[in-house]
Amino acid sequence: MKQRFKLLRFWAAVITAKCAIVILRLFKSGGTSLPGKLALKLYPQILDHLAGLFRVTMITGTNGKTTTSRIVLSMMEQKGLKVITNKSGANLSSGITTTLISALTLGGRPRFSHALLETDEAAFRTLAPRLKPETVIVTNFFRDQLDRYGELHTTVNNVREGISRIPDAVLILNADDSLCASLGRNAPNKVIYFGMGEGIYPESGASINSDAAFCIQCKSRYEYSSVTFGHLGHFRCPSCGYERPHTHVECSGILFYDSLGSHVEISGPDLRISVKLALPGLYNIYNALAGASFGLALGLDEKAIAAALSGFECGFGRMETIAIQDKELKMILVKNPTGFNQVLRYLLTQEKPFVLAFAINDRLADGTDISWLWDVDFEVLALMAERVRNFYVSGIRAEDMAVRLKYAGISTDRIRMEKDYRQLITRALQETGAGETCCILPTYTAMLDIRRILKKQFGLKEFWK
Ligand SMILES: [Zn+2]
């Protein structure tokens with residue numbers, strides 16, 4: 001009787017959420033949390049029930065969740081699996097509930113065998129034991145400038161607690177991140193570590209200024225024999241001996257690297273491939289390594305892993321670079337949250353200071369609903385705020401963009417509004433130092449307008465790069 005009542009509640013919750021999904025779609029709202037919220041209200045245990053219907057993989061961490069999940073998805077596709085994934089903004093319990101319900105038939109049967117779920121790192125602790133994933137990928141932990149000192153460790157410990165309740169899950173962890181790698185220490189789980197080989201991308205004299213600079217065990221300052229980015233590298237604690245674990249999947253060589261992508265060698269005891277990644281930034285090499293690790297865990301052969309990695313198209317818009325005297329102007333098209341996030345990740349890899357301008361329009365070709373800006377992870381800008389000379393906002397929706405930046409933690413006195421593109425280019429270039437870059441990120445129609453002006457002003461031909 002109790003079981004039947006439970007099933008009835010499950011079905012009622014599923015139907016209610018499905019109706020909400022349909023209604024929201026009718027109103028062209030991208031709302032992903034409301035249907036799940038309703039379902040959770042009607043049947044609080046629904047997530048446990050739903051999770052039992054799919055083979056679950058969870059991806060969490062501060063940066064790279066979305067890209068990693070797209071790479072992992074292409075690994076799963078190589079295997080021919082039927083996978084449901086959540087949108088990057090829908091990574092809390094309500095959004096995940098909505099996603100899983102949308103993968104059911106009206107009768108409550110799953111239409112997919114696997115679920116690939118990007119999960120907010122703060123929500124991981126409670127979600128992991130409910131979703132009972134077979135595999136968990138943790139990309140990295142970075143401190144948000146908005147976080148108070150110590151909050152980073154709280155986040156790591158939350159994830160650790162979640163992991164402690166899923167001892168059967170395979171963990172895929174970033175070995176170069178002392179915080180992330182520590183999750184595998186003393187855990188009964190099977191762990192696959194990935195990382196950059198020693199000195200593959202040496203960043204000389206990098207000073208690590210975050211709470212990640214100190215040993216998670218004993219608080220001594222780590223020693224690094226090689227640093228790739230931020231606090232990522234070959235670390236070792238001189239006091240207690242905690243050190244970067246040996247990797248199973250490692251980037252053993254970067255044959256080529258530029259602003260559009262790289263050609264890398266990936267190797268390990270069970271893997272040796274050489275692939276071109278159409279993904280810019282060091283960050284994305286880490287994401288590719290996480291993806292390759294997942295491919296191994298899935299039982300894919302080298303060929304299939306290489307195919308999944310090299311066939312991976314980045315959502316990165318077209319990039320144009322022009323030299324103006326001793327400065328560089330880069331224009332990168334932004335059109336959706338995924339692509340925008342990748343552009344921001346790419347900017348994160350810039351070492352020199354730069355000026356950053358956003359030109360956001362809401363014409364038909366841009367998409368008239370600009371609420372997608374809230375799905376873009378502008379919060380990462382805090383990580384590079386020191387390197388950005390100033391933030392410009394332009395385009396028809398400049399005001400909305402300014403608000404979004406403000407909510408991402410950028411102080412308003414650093415945000416300049418300039419709606420006239422000619423003025424925007426002049427002012428932004430003026431603030432750009434010699435040898436530095438001025439980056440303009442326009443939506444489609446803004447890009448067309450700006451390009452027209454650049455053509456006129458600097459006598460340029462088409463300059464796709
Ligand atoms: Zn230590």
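**V138 and the zinc site**

Student: Where does V138 sit in this model?
Tutor: V138 is part of strand β4, which covers residues 135–138. Keep in mind that this is a predicted model.

Student: Why is V138 called buried?
Tutor: Buried means under 20% relative accessible area. V138 comes in at 0%, so it counts as buried.

Student: Which residues is V138 in contact with, leaving aside neighbours within four places in sequence?
Tutor: There are T60, G61, V159, I172, L173, N174, C180, L183 and F194. Contact here means heavy atoms within 4.5 Å.

Student: And how far is V138 from A212, C-alpha to C-alpha?
Tutor: Those atoms are separated by 16 Å, and the two residues are 74 apart along the chain.

Student: On to the metal. What makes C215, C218, C237 and C240 donors of the zinc ion?
Tutor: A donor has to be an N, O or S atom within 2.8 Å of this metal. The SG atoms of those four residues lie 2.2 to 2.3 Å from the zinc ion, and they are its protein donors.

Student: How do you know that the zinc site is tetrahedral?
Tutor: Four donors count as tetrahedral if all angles lie between 85 and 135 degrees. Here the angles among the four donor atoms are 98 to 119°, so the site is tetrahedral.

Student: What spacing do the zinc donors follow along the chain?
Tutor: It's C-x2-C-x18-C-x2-C.

Terms used
Residues are numbered from 1 along each chain as its sequence is written. This is a predicted model: local features need pLDDT of at least 70, side-chain atom pairs count only at pLDDT 80 or more; totals for chains, interfaces and linings use all residues. Side-chain values use heavy atoms; hydrogens and water are left out. Helices (H or I, at least four residues) and strands (E, at least two) are DSSP runs, numbered from the N terminus. Buried means under 20% relative accessible area, exposed over 50%, partly exposed in between (1.4 Å probe, protein chains only). Donors are N, O and S atoms within 2.8 Å of the metal (3.2 Å for Na, K and Ca); water is not among the atoms, so sites may look incomplete. Four donors count as tetrahedral if all angles lie between 85 and 135 degrees; four count as square planar and six as octahedral if opposite donors are over 155 degrees apart and all others between 65 and 115; anything else is irregular.
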